[in-house]
Amino acid sequence: MKKKGFADLFFVFLLLYLFLPILATMLYAFATNWNKTVLPEGLTFKWIATLFQDSSFIEAFGRSVLLSGGAVLLALLFIVPAIFVIVLYFPKYEKWIQAAVVMVYAFPGVILAVGLIRAYAHIGVPMILAVLGAYVISILPYIYQGTRNSLRSVNARQLLDAAELLGASKAQAFSKVLLPAVYPGLFAGALLSFSVLFGEFVLINLVVGSRFETVQIYLMKKLSTSGHIASSVVFVYLVLMGILTFIISMLTKRSKGAAKV
Amino acid sequence: MLTSKKQLLVWILPFLVLVLLFFIVPLLYMVISSFSNGGGFTLGHYQEVLTSSYILQGFKNSITLSAVSAIIALVVTLFAVYAMMRFSEPVRERILMVSNLTSNFSGIPLAFAFIVLLGNSGLFTLLFEKWGIDSLSSFSLYSWGGLLLVYIYFQLPLSLMLLYPIYYGIQQQWKDAAALLGASTFQFWRKIGIPIMLPGIVGTFSVLFANAMGAYASAYALTGSNYNLVAIRIGALLSGDIFAQPELASAIAVLLGVTMVIAMLLSEWSIKKTRRNL
């Protein structure tokens, strides 16, 4: 115990370092004037109210939700079934998914943006579709992790075999037994993916640009024009992320609890 | 049975099409484009990258920024995880959850938060001015040092998330056994703890390094295209702040991609090695 003082210092530093920027930005969103004094001169709801009256912010928010939500939905429809089939029936191919996950990590947005533009910019495909597709691929690591963990924690293989032994068809066993059991883990993975995509800037900015103004692009514009509005955007963003993180941790806890029973 | 199993393969098809269309095809086009010169084959873009001191400087800046931010984040989280172990498991999990929340705080919002703290009329800038610490109040966020602070911020939660399970694998029994045999805490860590964790630490380092090499948004928000980093260079050549040179951008992106793949393979290899040890 006595030797930990030194390490504690690092721990406190870590917490301060992670929270100070967040707290300062949130405070800025409610500050009347904060240019010459160390702490704000007064507090106001004016900036938040202004932000929500700005129709271009509301529209940008809608676009972000549509784009990120659409990508997550497509991943649930097309990637999750593939992961199910491979993990449950063709486990020897699972290493290929793992390889794909590593490759997705290895090629971040700035590299993928070059490829998307070279491949699709000159053949008349709407580039927003290219970004949507790239979003679906870029959340593969989170979707795979979420699906894999929940399949493992409910012993999916035995569960399906048991259901089929008791007379359920493959489709019934899948939709009535397996899906409800893995749902919390899947949902947590989907929310995590959504929150990652909601903060995405590189692909949308380089490939599509301000023709499809998401919250991140809106924020980038406000950065140079109004600090108060920018901090209000960050405030709204943080509240949304906080809610999503809270739900994710509840879901993960629940699916862990279910595994223990 | 066999036919029904084969029918299941249909479910994999859409996934393969997506990977092909939005991952493999773009990357192939990027590689082809890096060798092409308006239709013909050329090595000229690579030659340009390797002889342009400006682009090489960008690589150098990115590599040092990524390596230094990764090392600092690693050292801080190594000690922080050690300190965290005195809390009960539910408390530790709550700390991890909060740290995960901050991992979403990156890119443009993060850059803005640092402007609020350390920008030209930032909280700390004013504070240091008031206290008369000129050396600190003249600190520029829009420089290498400023970028380093921002990069450290987004490395910390990731580093914590990756190191915690590695640290968790160090069994209490090993410590007890070592203590019974007369080893001090320091000896335990030097001879047993650190060597066991080492591959994991190396793996974490390469993930953090790759994470920073590919980062774009925060640096772009802070310095526009002014600070010379590889990712910023690619973006500028692509969107044509001056004039677009997508083929040169492709060549740089291929080289960056090779760097990233090497870093990821290194981390995969070390993580496998750690798992065997624990």
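Tutor: Contact here means heavy atoms within 4.5 Å. By that rule, and leaving aside neighbours within four places in sequence, A:Asn205 is in contact with A:Ile217 in its own chain and with B:Tyr216 and B:Tyr220 in chain B. The model is predicted, so local features need pLDDT of at least 70 and side-chain atom pairs pLDDT 80 or more, while totals for chains, interfaces and linings use all residues. Residues are numbered from 1 along each chain as written, chains are lettered from A and ligands numbered from 1 in written order, and side-chain values use heavy atoms, without hydrogens and water.

A:Asn205 sits in helix α10 of chain A, residues 202-208 (helices are DSSP runs of H or I, at least four residues, numbered from the N terminus). A:Asn205 counts as buried because its relative accessibility is 18%, and buried means under 20%, exposed over 50%, partly exposed in between (1.4 Å probe, protein chains only).

Elsewhere in chain A, helix α2 (residues 46-53) has A:Trp47, A:Ile48 and A:Leu51 as its buried residues. Seen down the axis of α2(A), these fall within an arc of 100 degrees, so they line one face of the helix (the arc is that of the directions from the axis to the C-beta atoms).

A further residue of chain A, A:Met250, lies in helix α12. A:Met250 counts as partly exposed because its relative accessibility is 39%. So A:Asn205 is buried at 18%, whereas A:Met250 is partly exposed at 39%.

Terms used
Helix = DSSP H or I, 4+ residues; strand = E, 2+ residues; numbered from the N terminus.
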